[in-house]
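I am keeping a notebook on one protein model. The entries below record what I looked up, in the order I took it.

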Amino acid sequence: MRILWLSRHNPLPAQVRELQRIFGDGVVIDIDSRPFASAEDIVERVRAGGYNEVVLVAPLSMVAKVVEMGIKPLFADMERIDFAENTDTDVDLGCGRAYRFKEFKRIVGIKVEMESLKGEL
């Protein structure tokens, strides 16, 4: 089992442990922090590398396109917690905020709902 981790941030120890629990101890996680240009670029990296899964951090419009192209990425659900000089290795401390990993979810679709501001301006 091979997983592509497509994010600017490396996985937290808790995320690695959870992927091992779900997919087995033999899971290989390849980290790719290079910027991607498009959904097609993402899909090409997944397919060219022969990956079984991908953890993807990308704009929603790009994720929606990846799903339309047949790949259902994993999403690391995180909760914001008190920053207060937290040194836990299972917490992502970035941009003056702290987040704790909750669980992985599979993205099967993205629905964006909008409303017009036409009458409100």
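**Entry 1. The chain as a whole**

I began with contacts, meaning heavy atoms within 4.5 Å. Among the contacts in the protein chain with a separation of 6 or more, 60% are between residues 24 or more positions apart. I noted that this is a predicted model, in which local features need pLDDT of at least 70, side-chain atom pairs count only at pLDDT 80 or more, and totals for chains, interfaces and linings use all residues. Residues are numbered from 1 along each chain as its sequence is written, and side-chain values use heavy atoms, with hydrogens and water left out.

Next I looked up the helices and strands, which are DSSP runs numbered from the N terminus (helices: H or I, at least four residues; strands: E, at least two). The protein chain has three helices and six strands. Along the sequence they follow the pattern β-α-β-α-β-α-β-β-β.

Then I looked up burial. Buried means under 20% relative accessible area, exposed means over 50%, and partly exposed is in between (1.4 Å probe, protein chains only). The protein chain has 121 residues, and 34% of them count as buried.

**Entry 2. Helix H3**

Which residues of helix H3 are buried? H3 covers residues 60–68, and its buried residues are Met62, Val63, Ala64, Val66 and Val67. They pack against helix H2 (39–48) and strand E3 (53–56). I also wrote down a general point: an α-helix has 3.6 residues a turn, so residues three or four places apart point the same way. After H3 comes Gly70, which has a positive phi, near 100 degrees.

Leaving out residues up to four places away in sequence, Val63 touches Leu56, Ala58, Pro73, Ile107 and Ile110. Val63 and Ala39 are 24 residues apart along the chain, and their C-alpha atoms are separated by 7.1 Å.

Met62 is also found in H3. Met62 is buried, with a relative accessible area of 18%. Apart from neighbours within four places in sequence, Met62 is in contact with Phe36, Ala37, Ser38, Ala39 and Ile42.

**Entry 3. How H2 meets H3**

I looked up the helix axes, which are lines fitted to C-alpha atoms over the stretch in contact, with angles from 0 to 180 degrees between N-to-C directions. The axes of H2 and H3 come within 9 Å and cross at roughly 50 degrees. That makes H2 oblique to H3. Angles under 35 degrees count as roughly parallel, over 145 as roughly antiparallel, 65 to 115 as roughly perpendicular, and the rest as oblique.

H2 passes H3 in a right-handed crossing. On the H2 side I listed Ala39, Glu40, Ile42 and Val43, which meet Met62, Lys65 and Val66 in H3.

**Entry 4. Aromatic rings**

How many aromatic pairs does a search of the whole structure find? The search finds two. Rings of Phe, Tyr and Trp (its six-membered ring) pair if their centres lie within 6.5 Å; planes under 30 degrees apart count as stacked, over 60 as edge-to-face, and the rest as tilted.

Trp5 and Phe104 form an edge-to-face pair, 6.4 Å centre to centre with 90 degrees between the planes. Trp5 lies in strand E1 (residues 2–6) and Phe104 in strand E6 (residues 97–106), so this pair ties together parts that are 99 residues apart in sequence. Trp5 is buried at a relative accessible area of 3%, and Phe104 is buried at 11%.

Phe101 and Phe104 form a tilted pair, 4.8 Å centre to centre with 55 degrees between the planes. Phe101 is buried too, as is Phe104. Trp5, Phe101 and Phe104 form one aromatic cluster.

**Entry 5. Two last look-ups**

Arg2 lies over the face of Tyr51, at 4.3 Å from the ring centre. The rule requires NZ of Lys or CZ of Arg within 6 Å of the ring centre and within 35 degrees of the ring normal.

Tyr99 has its place in strand E6. Tyr99 is partly exposed, with a relative accessible area of 25%. The C-alpha atoms of Tyr99 and Met78 are separated by 5.9 Å, and the two are 21 residues apart along the chain.

Terms used
Left-handed = near helix turned anticlockwise from the far one by under 90°.
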